[in-house]
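Please look over the sequence and the model shown here.

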Amino acid sequence: MASSGSSMTYSFLLFTVILSLQVVYRGKLASTELYTILGGFISSLLFLVLLTFIGNFQETIGARTGWGAVIVAEAVALIAASTVHRVCITTCFLFSAGLLYEVNKISGSAHSTSDSRTKKQSGRA
């Protein structure tokens, strides 16, 4: 598992690359219906990496991560999607909701695994 600092750096770099490519290929992404849906998916990836960045940043400074990080990351992703096409906003929101559900599920299983490990280790002492 990567440390918070390196994960934060990689997620910021990935955010910058994805956003730059989305801006460069804005015309292509708005050209057909399928590419418009792809533009929404790419914007939802922006949501995911920005949420990772914000979460790691808050962990680094010792703040607690909550729904504020989700709302800020979603707002930025929706604004980025709006620069491509109006339909990208809707598809970005839907894909982001799916990604958020999956990340929450993975996070819950990872935390329950680490909690059970902690209980086993403390039970041995």
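## The annotated segment

Where does UniProt place the feature "transmembrane region"? The record, an unreviewed entry, puts it at residues 36–54. UniProt positions follow the numbering used here, feature names are shortened, and annotations may be inferred rather than shown by experiment. Over residues 36–54 the chain is 100% helix and 0% strand. The end C-alpha atoms of that stretch are 27 Å apart. Helices (H or I, at least four residues) and strands (E, at least two) are DSSP runs, numbered from the N terminus.

This is a predicted model: local features need pLDDT of at least 70, side-chain atom pairs count only at pLDDT 80 or more, and totals for chains, interfaces and linings use all residues. Residues are numbered from 1 along each chain as its sequence is written, and side-chain values use heavy atoms, with hydrogens and water left out.

F95 lies in helix α5, which covers residues 86–124. F95 touches I37, G40, F41 and S44, leaving aside residues up to four places away in sequence. Contact means heavy atoms within 4.5 Å. F95 and L45 are 50 residues apart in sequence, yet their C-alpha atoms are 8.6 Å apart in space. F95 counts as partly exposed because its relative accessibility is 31%. The cut-offs are under 20% relative accessible area for buried, over 50% for exposed and partly exposed in between (1.4 Å probe, protein chains only).

T91 is also placed in helix α5. At a relative accessible area of 12%, T91 is buried. T91 touches T36, I37 and G40, again without residues up to four places away in sequence.

## A nonpolar patch

Y35, I37, L38, F41 and F95 make a nonpolar surface patch of about 380 Å². Helix α3 (residues 33–61) gives the most to this patch, with four residues. I37 lies in helix α3 and is partly exposed at 38% relative accessibility.

Patches are made of residues with over 30% relative accessible area and no salt bridge; like charges are joined within 9 Å, nonpolar side chains (Val, Leu, Ile, Met, Phe, Trp, Tyr) within 5 Å. Accessible areas come from the Shrake-Rupley method with a 1.4 Å probe, and for residues only the protein chains shown count as cover.

## Aromatic pairs

A search of the whole structure finds three aromatic pairs. F12 and F53 form a tilted one, 5.7 Å centre to centre with 40° between the planes. This pair links distant parts of the chain: F12 is in helix α1 (residues 4–24), F53 is in helix α3, and 41 residues separate them. F12 is partly exposed at 43% relative accessibility. F53 is partly exposed too, with a relative accessible area of 23%.

Why is the pair of F41 and F95 edge-to-face? The ring centres are 5.3 Å apart and the planes stand at 80°, so the pair gets that label. F41 in helix α3 and F95 in helix α5 are 54 residues apart, so this pair also links distant parts of the chain. Rings of Phe, Tyr and Trp (its six-membered ring) pair if their centres lie within 6.5 Å; planes under 30 degrees apart count as stacked, over 60 as edge-to-face and the rest as tilted. F12, F53 and F57 form one aromatic cluster.

## One salt bridge

The structure holds one salt bridge. The side chains of K105 and E102 meet in it, at 3.4 Å from N to O. The term means a side-chain nitrogen of Lys or Arg within 4 Å of a carboxyl oxygen of Asp or Glu. Both residues lie in helix α5, three residues apart, about one turn of the helix. K105 is partly exposed at 45% relative accessibility, and E102 is partly exposed at 34%.
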